[in-house]
Amino acid sequence: VSPGYGGMVSEKDADWTPPDFNKFGPVHFYTDNASSHDRPNGGWFEHYMIGVGGLCSVYDPPVSYWCSRHPSGGGAFAFRTPSGVTPKPGALPHAPYKDPSGALFFVWRPARWANWMFEVGAYNASSGNFTFGKGGNQGARGENRGGDFFVENIYEELDAPGEFFFDTKAKRLYLFYN
């Protein structure tokens with residue numbers, strides 16, 4: 001599946017695995033309630049606040065305003081990302097895959113505020129489920145599900161001119177030339 005709007009898989013063609021809130025342990029919340037630091041602003045951004053750990057452990061350091069207890073801003077809520085995806089039959093045209101261990105998922109956040117990249121942590125060929133490994137730290141605002149997406153670096157999806165696949169185990173580059 002090639003990137004771009006024509007190569008994107010619709011969010012409607014996938015079932016998203018909800019965030020695993022226990023994956024990294026609890027988040028610890030800190031809010032600066034010192035009255036000398038108050039910034040009256042109609043309830044928005046009036047206090048310095050952060051969250052440490054928890055799902056913000058994908059960041060280095062594992063600290064973010066978006067992991068605080070009550071982040072402000074349009075559509076704001078504490079950071080999270082889906083923990084996996086099961087594309088519906090036919091959404092990925094050449095699935096199931098022999099070895100998608102080097103695959104990368106590029107996932108839009110619903111409403112396209114930002115996007116995330118995920119490595120594949122595990123793959124179940126019989127169910128079609130991909131469990132995400134490392135990633136999801138691009139774009140601070142989270143969501144329980146993903147939006148439109150595409151996948152790259154899967155040998156079976158090498159099907160259009162200009163695409164390539166690098167087999168890290170065999171140290172071999174495959175190219176679908178023009």
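Colleague: Which residues form a nonpolar patch on the surface, and what accessible area do they have together?

Modeller: This is a predicted model. The patch consists of Phe-164, Phe-166, Leu-173, Leu-175 and Tyr-177. Together they have about 610 Å² of accessible area. Strand S10 (164–167) and strand S11 (172–175) each supply at least two of the patch residues.

Colleague: Why is Leu-173 called exposed?

Modeller: Leu-173 is in strand S11. Its relative accessibility is 57%. Exposed means over 50%, so the label applies to Leu-173.

Colleague: What about Lys-171, buried or exposed?

Modeller: Lys-171 is exposed, because its relative accessible area of 66% is over 50%. Lys-171 is in the loop between S10 and S11. Lys-171 is not a glycine, yet it has a positive phi of about 55°.

Colleague: Why is Asn-153 called partly exposed?

Modeller: Asn-153 has a relative accessible area of 22%. Buried needs under 20% and exposed needs over 50%, so Asn-153 falls in between. Asn-153 sits in the loop between S9 and S10. Its phi is near 65°, a positive value in a residue other than glycine.

Colleague: How do you know that Cys-56 and Cys-67 form a disulfide?

Modeller: Their sulfur atoms are 1.3 Å apart. The cut-off is within 2.5 Å, so the pair qualifies. By this rule the count comes to one disulfide. The link of Cys-56 and Cys-67 is right-handed, with 75° about the S-S bond.

Colleague: Which parts does the pair tie together?

Modeller: Cys-56 lies in the loop between strand S3 (49–53) and strand S4 (63–64). Cys-67 lies in the loop between S4 and strand S5 (84–87). The pair therefore ties together parts that are eleven residues apart in sequence.

Colleague: What makes Cys-56 and Cys-67 count as buried?

Modeller: Buried means under 20% relative accessible area. Cys-56 has 0%, so it is buried. Cys-67 has 6%, so it is buried as well.

Colleague: In what order do the three strands of the open sheet run?

Modeller: The order is S2-S3-S4, and the pairing is antiparallel. Strand S2 (27–31) and S4 stand at the edges, each with a single partner strand, so one side of each has no neighbour in the sheet.

Colleague: How do you know that S2 and S3 pair?

Modeller: Pairing needs at least two bridges. S2 and S3 have five, so they pair, in the antiparallel sense. Thr-31 stands opposite Met-49 in S3.

Colleague: What makes S6 and S7 a pair?

Modeller: Strand S6 (residues 104–108) and strand S7 (residues 115–124) have five bridges, against a requirement of at least two, so they pair. The sense is antiparallel. Trp-108 has Asn-115 in S7 as its bridge partner. S6 and S7 form a hairpin with six residues between them. In the turn, Ala-111 has a positive phi of about 75°.

Colleague: What about S6 and S9, how many bridges do they have?

Modeller: S6 and strand S9 (residues 149–152) pair over four bridges, in the antiparallel sense. At least two are needed, so this pair passes too. Phe-106 has Phe-150 in S9 as its bridge partner.

Colleague: Which residues have the most contacts inside the largest nonpolar core?

Modeller: They are Trp-16, Val-85, Leu-92, Phe-105, Val-107, Phe-130 and Phe-149, in a core of 18 residues. The elements that give two or more residues to this core are strand S1 (14–17), S6, S7, strand S8 (129–135) and S9. S7 gives the most, with three residues.

Colleague: What about the prolines: which peptide bonds are cis?

Modeller: The bond from Asp-60 to Pro-61 is cis, with omega near 5°. Pro-61 is in the loop between S3 and S4. The bond from Ala-95 to Pro-96 is also cis, with omega near 5°. Pro-96 lies in the loop between S5 and S6.

Conventions
Residues numbered from 1 in each chain as written. Predicted model: local features only at pLDDT ≥ 70, side-chain atom pairs only at ≥ 80, totals over all residues. Heavy atoms only, no water. Buried < 20%, exposed > 50% of the residue type's maximum accessible area, 1.4 Å probe, protein only. Patch = residues over 30% accessible without salt bridge, like charges linked within 9 Å, V, L, I, M, F, W, Y side chains within 5 Å. Areas by Shrake-Rupley, 256 points an atom, 1.4 Å probe, with all protein chains shown as cover. Salt bridge = Lys/Arg side-chain N within 4 Å of Asp/Glu carboxyl O. Core = buried A, V, L, I, M, F, W, Y, C linked by side-chain atoms within 4.5 Å.
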